[in-house]
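Subject: Structure handover

Hello,

Here is the structure I promised to pass on. Please open it first, then read my notes below.

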Amino acid sequence: MELSIPQEVIERLRAASRVTVLTGAGISAESGIPTFREAQIGLWSKYDPTELATPQAFARNPRLVWDWYAYRREMIQAAQPNPAHYALVDLEQHYEHFTLITQNVDGFHWRAGSREIIELHGNLNRVRCFDCGVPAPGWDEEGELPPICALCGGYLRPDVVWFGEGLPEQKLRQAYRAAEQSQVFLSIGTSAAVQPAASLPLISLRSGAFLVEINPEETSLAIIADYWLQGPAGKILPLLLQHIAGEEQASEEDT
Ligand SMILES: [Zn+2]
């Protein structure tokens, strides 16, 4: 299928100074990262992920939960960010106000080079104390597991949001504000089904933003978005970038 970007999308993106992007599992899937459930193979197939990713599970069996995250971390480290992640790094350069919000915990945006990221669900490459909450700078995978907090002696846990836990207030506020103030909102590879992240595109739309959905699959957002660009983000975003950058080069030649 030949991909083409509608002219109105290009023009809106060229004219905007405030752009907000929300990414979800789809963008990581293009790096070969299986979804939560697809990752439950071998040893892990007998566990329900929704019963591992909870504070209760960690309290009951910290080593089991730690090992599960170690397994997922290894899988992520063996994979690479894809052209969609890199295109977002470049896209940011074109805007005075650019906010990247992600629901993913794999840290691919960071590895690709994005630095201003609102990680709504945390990042499994970081840890913090289960008891006192203070982040730890690192840990020794060879030592006792889970590692121990140097401050209080509690167990270190992955710095992610588990089922039954609230999203970090401050990050959520920042995300809402960015959605409200954006002129163009790109929703990429998210099923737009999990709250509260799912409300971000709706907030942007209500505040007058131009909403573009990028997803190979049809979601409920595809229906209400100004445009649904159907296809992999790793193909669509580099193409978008080409169009936007192309215009700027042309105008420089004009002067
Ligand atoms: Zn502690």
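Is T54 buried or exposed? T54 counts as buried, because its relative accessibility is 10% and the cut-off for buried is under 20%. Keep in mind throughout that this is a predicted model.

T54 and its surroundings

T54 sits in the loop that runs between α3 (49–52) and α4 (55–60). Its side chain reaches into the backbone: the nitrogen of A57 is 2.9 Å away. Leaving aside residues up to four places away in sequence, T54 touches W162 and F163.

The zinc site

Next, the metal. Four cysteines supply the protein donors of the zinc ion: C129, C132, C149 and C152, each through SG. They lie 2.3 to 2.4 Å from the ion. What is the arrangement of the four donor atoms? It is tetrahedral, because the angles they subtend run from 96 to 118 degrees. For reference, the ideal angle for four tetrahedral donors is 109.5 degrees.

The donor spacing in sequence is C-x2-C-x16-C-x2-C. C129 and C152 are 23 residues apart and link distant parts of the chain. C129 belongs to strand β4 (residues 122–129). C152 is in the loop between β5 (135–136) and β6 (156–160). C129 counts as buried, at 1% relative accessibility. C152 is partly exposed, with a relative accessible area of 41%.

The loop between β5 and β6 also holds P146. The peptide bond from L145 to P146 is cis, with omega near -10 degrees. Most peptide bonds are trans.

Aromatic pairs

How many aromatic pairs does a search of the whole structure find? The search finds 10. Here are two of them.

The ring centres of F58 and F130 are 4.8 Å apart, and their planes meet at 50 degrees, so this pair is tilted. F58 is in helix α4, while F130 is in the loop between β4 and β5. F58 is buried, with a relative accessible area of 1%.

F210 and Y227 make another tilted pair, with ring centres 5.9 Å apart and planes at 55 degrees. F210 lies in strand β8 (residues 210–214) and Y227 in strand β9 (residues 227–229), so the pair ties together parts 17 residues apart in sequence. F210 is buried, at 2% relative accessible area. Y227 is partly exposed, at 24%.

There is also an aromatic cluster, formed by F58, W68, Y69, F130, Y155 and W162. W162 is one of the residues that T54 touches.

Charges over rings

Two arginines are worth a look. R73 lies over the face of W66, 5.3 Å from the ring centre. The charged end of R115 sits over the ring of W110, at 3.7 Å from its centre.

Helix α9

Which residues of helix α9 (residues 199–206) are buried? They are S199, L200, P201, I203 and S204. These buried residues pack against several elements: β1 (18–23), β2 (97–102), α8 (169–181), β7 (184–188), β8 and α10 (220–224). Just after α9 comes G208, with a positive phi of about 100 degrees. Most residues other than glycine have a negative phi.

T190

The loop between β7 and α9 contains T190. T190 counts as buried, at 4% relative accessibility. Not counting residues up to four places away in sequence, T190 touches L22, G24, Q103, E213, N215 and T219.

R14

Last, R14. R14 is placed in helix α1 (residues 7–15). It is partly exposed, with a relative accessible area of 33%. The side chain of R14 reaches the backbone oxygen of H243, at 2.9 Å.

Best wishes

Technical notes: Residues numbered from 1 in each chain as written. Predicted model: local features only at pLDDT ≥ 70, side-chain atom pairs only at ≥ 80, totals over all residues. Heavy atoms only, no water. Helix = DSSP H or I, 4+ residues; strand = E, 2+ residues; numbered from the N terminus. Buried < 20%, exposed > 50% of the residue type's maximum accessible area, 1.4 Å probe, protein only. Polar contact = N/O pair within 3.5 Å; in protein donor to acceptor, adjacent residues only side chain to side chain. Contact = heavy atoms within 4.5 Å. Donors = N, O, S within 2.8 Å, 3.2 Å for Na, K, Ca; no water. Tetrahedral: all angles 85-135°; square planar, octahedral: opposite > 155°, others 65-115°. Phe/Tyr/Trp six-rings, centres within 6.5 Å; stacked < 30°, edge-to-face > 60°. Lys NZ or Arg CZ within 6 Å of the ring centre and 35° of its normal.
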